[in-house]
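Dear colleague,

My notes on what was found in it follow directly after.

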Amino acid sequence: MPEVIFAGPAGRLEGRYQPSKEKNAPIAIVLHPHPQFGGTMNNKIVYDLFYMFQKRNFTTLRFNFRSIGRSQGEFDHGTGELSDAAAALDWIQSLHPDSKSCWVAGYSFGAWIGMQLLMRRPEIEGFISIAPQPNTYDFSFLAPCPSSGLIIHGDADKVAPPKDVQGLVDKLHTQKGITITQKTLPGANHFFANDSDLLIEECADYLDRRLAGELSDPRPKRLR
């Protein structure tokens, strides 16, 4: 798993990158939790998501947002971190021009950034959002949400209360042309203590079903 340094909007960004052996393999980017609350690309859930995609032959990247690890810059309350994610996708696409599709997975703060990224990048055809925080971050930009995806959270989450996540899911369910799958893990908190293996199993099951053609509405491919 090569360590990589690539150019970001506020200086270099540090990542871990695993290319697929297939030239046209899909791309996956995994986004970590809040930089000011201990979030890094080496978070266990981020690490496990990375390997989940890699095992399914995706070209996969996780990276540190600005100010974390060897990534340069200062925390920017989401605006700069979204620019970091866009730069990461640009970088990996420049290495894999034959890749036609992309997935984004994000955990907590990373889920918010990931869902903003998919609004800007029509090649993103699927997302996994783990423990998003609509009580803290504004998700009104999903108007409409352009891609089908999974929202997964715990029913004992005090950081992102289930009723707030449910409100986001209910809003997305009213949109046509996409399928939003929701999974709620009984007893799981925001950090999925003792539940991280089950979390990854559920994410992997969802991804496998999507790759088999399930759980998404057939729709015309958006132009890049």
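Helices (H or I, at least four residues) and strands (E, at least two) are DSSP runs, numbered from the N terminus.

This is a predicted model, in which local features need pLDDT of at least 70 and side-chain atom pairs count only at pLDDT 80 or more, while totals for chains, interfaces and linings use all residues. Residues are numbered from 1 along each chain as its sequence is written, and side-chain values use heavy atoms, with hydrogens and water left out.

H2 is mostly covered, with 12 of its 17 residues buried (under 20% relative accessible area; exposed is over 50% and partly exposed in between, with a 1.4 Å probe and protein chains only). Among the buried residues of H2 are Leu82, Leu89, Trp91 and Ile92.

The eight strands of an open sheet follow the order E1-E2-E4-E3-E5-E6-E7-E8, with mixed pairing; two strands pair if DSSP finds at least two bridges between them. Strand E1 (3-8) and strand E8 (180-185) are at the edges with a single partner strand each, so one side of each has no neighbour in the sheet. From one strand to the next, the twist averages 20°. Strand E7 (residues 148-154) pairs with E8 in the parallel sense over six bridges, and glycine 154 has leucine 185 in E8 as its bridge partner.

Helix H5 (residues 196-211) packs on the sheet, where it touches E5, E6, E7 and E8, and its direction makes about 165° with that of E7. Contact means heavy atoms within 4.5 Å; axes are lines fitted to C-alpha atoms, for helices over the stretch in contact, and angles run from 0 to 180 degrees between N-to-C directions.

The buried residues of H5 include Leu199, Ile200, Cys203 and Leu207. Viewed down the axis of H5, its buried residues lie within an arc of 160°, so they line one face of the helix; the arc is that of the directions from the helix axis to the C-beta atoms. The face of H5 turned away from this buried side bears the exposed residues Asp197 and Glu201. Just after H5, glycine 213 adopts a positive phi of about 95°.

With kind regards
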